[in-house]
Amino acid sequence: MARATSNGNHMTIPPDIRQRAEAMIAAERDAFAARNPRSAALAAEAGKHFPGGVPLHWMLDWETPFPLFVTSAKGSHVTDADGHVYADFCLGDTGAMFGHSPEPVARAIAAQVAHGMTTMLPSDLTAKVGALLSSRFGLPFWQVTATASDANRAVVRWARALTKRPKVLVFDGCYHGQVEDAFVKLDGDKVVMKTSLLGQVSDLAATSVAAPFNDLTAVEALLAKGDIALILTEPALTNTAMVLPDKGFIEGLMALAKKYGTLICIDETHTISTGHGGYTRAHNLAPDFFVLGKPVAGGLPAAVFGFSAEIEAKMAHVLATKVPGYSGIGTTLSGNMLALAAMRACLEEVMTEAAYAHMTSLAEMLADGLRKAVAGHGLPWSVTQIGARAELVFSPVPLRNGKEAAASMDASVERALHLYLLNRNVLVTPFHNMTLIAPTTTQKDVSHLVKLFDEAMALLCGKGEM
Ligand SMILES: Cc1ncc(COP(=O)(O)O)c(C=O)c1O
């Protein structure tokens with residue numbers, strides 16, 4: 001996730017479009033308030049004990065005057081408290097990428113709940129899940145955490161412990177969850193801490209460096225200093241207007257990491273949309289670490305990190321020789337048997353090749369439809385796709401790094417589009433223009449989304465009354 005902060009795209013968002021976007025936001029906020037009285041009442045009630053009426057403050061990022069309250073979510077549809085049924089292309093910002101409450105996962109959870117949820121011991125499912133993870137993603141060893149943030153944090157700590165080096169390299173524009181070490185960015189050539197990070201007392205730029213994505217020369221100059229423990233990266237920058245890797249960029253990173261004794265972690269939490277086995281498998285990569293969170297247990301909180309046999313041997317040595325006491329890696333509920341039951345069902349019966357084939361073909365249909373709409377209105381925008389995910393980008397050409405991505409984003413136009421869709425029973429994530437396809441998404445859902453985007457673009461271009 002990442003909230004659009006830029007309102008400064010003057011290249012491809014002319015002032016008249018921004019003005020219409022602001023007018024659209026105002027009209028759509030009024031329309032939202034009028035059609036959601038029950039959500040308004042629930043927000044007031046919940047607000048007595050949850051600030052803003054929400055159990056997590058991010059849920060206020062939707063730009064609606066009060067939160068939309070959900071009564072149920074199934075497959076790719078969500079029903080709100082006022083009875084509207086939405087085609088969901090947000091899918092919990094990927095947590096529900098394989099649909100809400102997929103039947104096999106719901107069944108596995110119900111069955112497991114009757115036999116215990118958490119014991120701080122492995123269960124009879126552990127070997128099965130390990131084998132599934134290994135055959136699906138190619139790494140021989142695994143650990144389970146509660147969230148992708150936890151998995152990335154564990155990897156960072158392990159990498160420092162194994163290499164005895166202090167620094168972490170991330171890419172400008174990245175997001176890896178609640179991982180302090182990734183909260184740095186480039187300000188010109190200088191690495192600085194992101195000022196949005198709350199409660200940070202030491203300067204993260206002392207131990208984290210940021211490089212521009214798709215720039216192997218910059219990465220090599222940083223690695224050559226010999227103090228970087230880990231490169232933590234997504235295969236594509238997905239938490240901003242989406243940036244795809246140049247051909248050979250990720251492979252080049254892996255080669256540089258090897259050359260300079262730095263470990264590399266591929267965070268596939270979003271790019272698992274690429275296909276069965278994620279980007280890593282599609283490109284035959286063999287990273288030191290691999291992270292997958294969010295949808296891996298079908299929406300139940302769980303994440304995994306995988307690692308090579310060489311890393312496992314080093315970890316065993318570190319654990320055998322470390323002083324007694326807390327390692328700082330792991331949480332009490334990590335790897336509980338309920339999560340493993342959900343993960344088994346999800347990997348085996350939901351994240352299937354057939355599901356990916358459907359998801360990818362509909363994402364192609366969506367991307368084509370959006371491209372036609374953009375061209376029809378003569379807008380200098382484009383569409384990026386990575387497997388089951390398609391994204392409208394306010395740039396005529398592919399973005400190459402975080403700086404270009406940030407410059408392309410435009411909070412007003414994004415919010416206007418999101419609200420327009422929301423009031424017409426379609427959900428897209430409130431963060432940039434990501435749209436995700438689930439195995440249960442239909443061609444009809446996609447056609448409707450394209451039609452609504454087309455209508456909204458027409459209005460933004462001054463064709464028709466708001
Ligand atoms: C690439 C990536 N890694 C990690 C995370 C963190 O996931 P979680 O919030 O479930 O811990 C996110 C969340 O958006 C993400 O996009």
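These legends accompany several close-up views of a predicted model.

**View 1. Helix α1 meets helix α13.**
Here we look at α1, residues 15-35, beside α13, residues 411-422. Their axes come within 8 Å and cross at roughly 35 degrees, and the crossing is left-handed. On the α1 side, the contact is made by Ile-17, Arg-18, Ala-21, Glu-22, Met-24, Ile-25, Glu-28, Arg-29 and Phe-32. Helix α13 contributes Ser-412, Val-413, Arg-415, Ala-416, Leu-419, Tyr-420 and Leu-422. Sorted by class, this contact has 10 nonpolar, 1 polar and 5 charged residues.

Which residues of α1 are buried? They are Ile-17, Ala-21, Met-24, Ile-25, Glu-28 and Phe-32. Seen down the axis of α1, these buried residues fall within an arc of 115 degrees, so they line one face of the helix. An α-helix has 3.6 residues a turn, so residues three or four places apart point the same way. The cover over the buried residues of α1 includes α13 and also α14, residues 443-460. Turn to the other side of α1 and you will find Pro-15, Asp-16, Asp-30 and Ala-34 exposed.

**View 2. Tyr-86 in strand β3.**
Strand β3 covers residues 85-88, and Tyr-86 is found in it. Is Tyr-86 buried or exposed? Tyr-86 has 21 other C-beta atoms within 10 Å, so it is buried. Leaving aside residues up to four places away in sequence, Tyr-86 touches His-77, Val-78, Asn-425, Val-426 and Leu-427. For a sense of scale, Ile-311 is 225 residues from Tyr-86 in sequence and 45 Å from it in space, C-alpha to C-alpha.

**View 3. Ala-73 in strand β1.**
Ala-73 lies in β1, which runs over residues 70-74. Ala-73 counts as buried because it has 20 C-beta neighbours inside 10 Å, and 20 or more is the cut-off for a buried residue. Beyond four places in sequence, Ala-73 touches Val-78, His-100 and Ser-101. Between Ala-73 and Gly-99 there are 8.8 Å in space, C-alpha to C-alpha, although they are 26 residues apart in sequence.

**View 4. Helix α10 and its surroundings.**
Helix α10 takes in residues 337-350 and reaches 19 Å from its first C-alpha to its last, close to the expected 20 Å. Of its 14 residues, 11 are buried, so α10 is largely enclosed by the rest of the structure. Among the buried residues are Leu-338, Met-343, Arg-344, Cys-346 and Val-350. Their cover includes α3 (103-113), α4 (126-137), β4 (141-145) and α11 (353-376).

**View 5. Helix α4, face by face.**
With 12 residues, α4 reaches 16 Å from its first C-alpha to its last, close to the 16 Å expected. Val-129, Leu-133 and Phe-137 are buried in α4. Viewed down the helix axis, the buried residues of α4 fall within an arc of 35 degrees, so they line one face of the helix. What covers them includes β4, α8 (278-282), β11 (289-292), β12 (303-307) and α10. On the other side of α4, Ala-127, Ala-131 and Ser-135 are exposed. Look just after α4 for Gly-138, which takes a positive phi of about 90 degrees.

How values were computed: Residues numbered from 1 in each chain as written. Predicted model: local features only at pLDDT ≥ 70, side-chain atom pairs only at ≥ 80, totals over all residues. Axes fitted to C-alpha atoms, helices over the stretch in contact; angles between N-to-C directions. Helix = DSSP H or I, 4+ residues; strand = E, 2+ residues; numbered from the N terminus. Left-handed = near helix turned anticlockwise from the far one by under 90°. Contact = placed C-beta atoms within 7 Å. Nonpolar A, V, L, I, M, F, W, Y, C, P; charged D, E, K, R; others polar. Buried ≥ 20, exposed ≤ 12 C-beta atoms within 10 Å, placed from the backbone. Arc of directions from axis to C-beta. Expected span 1.5 Å × (residues − 1).
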